[in-house]
Amino acid sequence: MKKKLAIIGGSYLQLPAVLKAKELGYEVHCFAWRDGAVCEAYADYFYPISIVEKEEILKECMRIGIDGITSIASDVAVLTVNYIASRMGLISNPDEYSEITTNKYLMRECFTMNNIPSPRYTIASKDDAYNIKGFNFPLIVKPTDRSGSRGVEKVLDPVQLGKAISRAQKDSFNGAAIIEEYVTGYEISVESISYEGRHYILQITDKVTTGAPYFVELEHHQPSALSPLVQEQVKDIVLRALDALHVRYGASHSELKITEDGDIRVIEIGARMGGDFIGSTLVRLSTGYDFLEGVIKVAMGEFVEPQIIERNYSGVYFLCKETEYLKAVIENKEDYPEIVEAEITDQTLRNIECSGDRSGYLIYKADKKFNFSNGTV
């Protein structure tokens, strides 16, 4: 009899998990709104229930008798996964700490209490009360509980601040925004997997964004070009931060900045895989370790310690108005042996304000970091 895995979320972000779980021989039960739920066509069973309806999903999972539950690229789904797993005696991070890994303000509070270096911050709650006395501009304003660059904006002066706060609050599920001092520097993320409180760092990713004011990611590359010394410092901070957040099981995606002076600041950490193909694809291409399989095996209690068996370069480029040159590359992808996968999802190219505005992507694997604007490193 097949073991049963519940996957929370049904959009294209969760499809790699559904396909991998099926490949591994599990019976897949997927929960999501039907609108945009591409996973419905691939899961063994699909339930048109919003992922925020915890009690309803719990009732179904108990009826089904699931053996594990997971989600790979959604902060909102993390709350539901932990809620259900804790009540069914399944493997997950402790439900009582779910909010600190999905709420940026609570996460900052946790970092402060545990001496994890991060930017100075404050909160703008629903009633618009906030205090930025002593803060230095520029500031970053973002929703406390959204991912994917939604509602994020750099603010240069007090005149812009009110509008940016309103925009972020509108995109926030709980109507709150976090205000923090802007940290200049090199952007990276750290991809890791945990089991029984032991953390395994798999890869460090270099990021390229649009910059101010919206900071939408345009490229991701693995492995990082940082020096070995800085990478060790980054790993030490991330391991301490994961412990502080009570991350014990599954994937995590830690975003950090390194200033020109070499100061390392944790921006935020998700107790889930990184989106934008970082977790689902790039880690496997660059290391040979099947991160997706690892996350599913954690949920099912069948975890095996990761082995890094390859040392390749991998990356993803996103198509938009700012990267218009990529359209011709994607349309002629057969001319580029480095390209693993490429797709134009929308013929209209937009100037992007959030990751949802992107119109396509290409993923590569090579023996060097590849620049598709000129075909070189």
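Here is a short chat about a sheet, a helix and one glycine in this predicted model.

Biologist: What makes S13 and S15 edge strands?

Modeller: Start with the order of this open sheet of 8 strands, which is S13-S12-S9-S10-S11-S14-S16-S15, with antiparallel pairing. Strand S13 (264–270) and strand S15 (339–344) each pair on one side only, and that's what puts them at the edge. The twist, by the way, averages 20° from one strand to the next.

Biologist: How do you know that S15 and S16 pair?

Modeller: Count the bridges: 5 of them join S15 to strand S16 (residues 360–366), and the two run antiparallel. Pairing takes at least two bridges, so 5 is enough to call them paired. One example is Ile344, whose bridge partner in S16 is Gly360.

Biologist: And what does helix H7 touch on the sheet?

Modeller: Helix H7 (residues 278–287) packs on the sheet and touches S9, S10, S11, S12, S14, S15 and S16. Its direction makes about 100° with that of S10.

Biologist: Gly279 is found in that helix, H7. Why is Gly279 called buried?

Modeller: Its relative accessibility is 1%. Buried means under 20%, so Gly279 counts as buried.

Biologist: Which residues is Gly279 in contact with, leaving aside neighbours within four places in sequence?

Modeller: Those are Met273, Gly274 and Phe291. For contact, heavy atoms have to be within 4.5 Å.

Biologist: How far apart are the C-alpha atoms of Gly279 and Glu219?

Modeller: They're separated by 14 Å, with the two residues 60 apart along the chain.

Notes: Residues are numbered from 1 along each chain as its sequence is written. This is a predicted model: local features need pLDDT of at least 70, side-chain atom pairs count only at pLDDT 80 or more; totals for chains, interfaces and linings use all residues. Side-chain values use heavy atoms; hydrogens and water are left out. Helices (H or I, at least four residues) and strands (E, at least two) are DSSP runs, numbered from the N terminus. Axes are lines fitted to C-alpha atoms, for helices over the stretch in contact, and angles run from 0 to 180 degrees between N-to-C directions. Buried means under 20% relative accessible area, exposed over 50%, partly exposed in between (1.4 Å probe, protein chains only).
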